[in-house]
Amino acid sequence: MYKLVPSVCSYCGTGCGVLFEVLDGRILGTLPLKTHPVNEGKLCIKGWNLHDYINSPMRLKAPRVRINGRLHQVTWDRALQFTAKKLQSIIKEQGPDSVGVLASAKMTNEENYLLSKFTRAVVGTNNIDHCARL
């Protein structure tokens, strides 16, 4: 069954509206959402090709944790537990300023804001930067 599914482009934090062309559960193409107030029916070249990165065979679809030098696919709960314990250990042993966080242009502005709050309030450091500035 063919359908158009509205969404938000994930290439940057602008938040352009897109329509995914979906056939039998697989995304075939990307169109601009003409009624969206942010992009008003326009898309950059990355937005037009959003479906290519979604369908890429190189895309990771599950978390991985390095165990004995090799990456193993694990559940999200296991990956989050591992990450939290490792982060707590580093902060305890070397202090919060030993941690640095790099935010991403592929996250929404709201997600970047939350990461900034997490870095400052939970980790306890101001060592946060954004890839768009580099």
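Let me start with Phe20. Leaving aside its neighbours within four places in sequence, Phe20 is in contact with Lys3, Leu4, Val5, Ser7, Ile27, Gly29, Thr30, Leu50 and Ile54. Keep in mind that this is a predicted model.

Phe20 also belongs to the largest nonpolar core. That core has nine residues: Cys9, Cys16, Val18, Phe20, Val22, Ile27, Leu43, Leu50 and Ile54. Which elements give two or more residues to this core? They are strand 2, residues 17–23, and helix 2, residues 50–54. Strand 2 gives the largest share, three residues.

Now to the pockets. The largest pocket holds about 170 Å³ of space. As background, rolling a probe the size of a water molecule over the atoms shows where empty space is left. The lining of this pocket consists of Leu80, Thr83, Ala84, Leu87, Gln88, Ile91, Phe118, Val122 and Val123. At least two of the lining residues come from helix 3, residues 76–94, and at least two from helix 4, residues 109–123. Helix 3 has the largest share of the lining, with six residues. How many lining residues are nonpolar, polar and charged? Seven are nonpolar, two are polar, and none is charged.

Last, one more residue of helix 3, Glu93. Is Glu93 buried or exposed? Glu93 has a relative accessible area of 62%, and the cut-off for exposed is over 50%, so Glu93 counts as exposed. Between the C-alpha atoms of Glu93 and Val74 there is a separation of 26 Å. Along the chain, these two are 19 residues apart.

That is the end of my part.

Definitions and conventions:
Residues are numbered from 1 along each chain as its sequence is written. This is a predicted model: local features need pLDDT of at least 70, side-chain atom pairs count only at pLDDT 80 or more; totals for chains, interfaces and linings use all residues. Side-chain values use heavy atoms; hydrogens and water are left out. A nonpolar core is a set of buried Ala, Val, Leu, Ile, Met, Phe, Trp, Tyr and Cys residues joined through side-chain atoms within 4.5 Å. Buried means under 20% relative accessible area, exposed over 50%, partly exposed in between (1.4 Å probe, protein chains only). Helices (H or I, at least four residues) and strands (E, at least two) are DSSP runs, numbered from the N terminus. Contact means heavy atoms within 4.5 Å. On a 1 Å grid over the protein atoms alone, a cavity is a set of points where a 1.4 Å probe fits but cannot get out, and a pocket is an open set with protein on both sides within 12 Å along at least five of seven lines; lining residues have an atom within 4 Å of a point. Grid points are joined across faces, edges and corners, and a volume is the space filled by probe spheres set on the points. Ala, Val, Leu, Ile, Met, Phe, Trp, Tyr, Cys and Pro count as nonpolar, Asp, Glu, Lys and Arg as charged, and the others, Gly among them, as polar.
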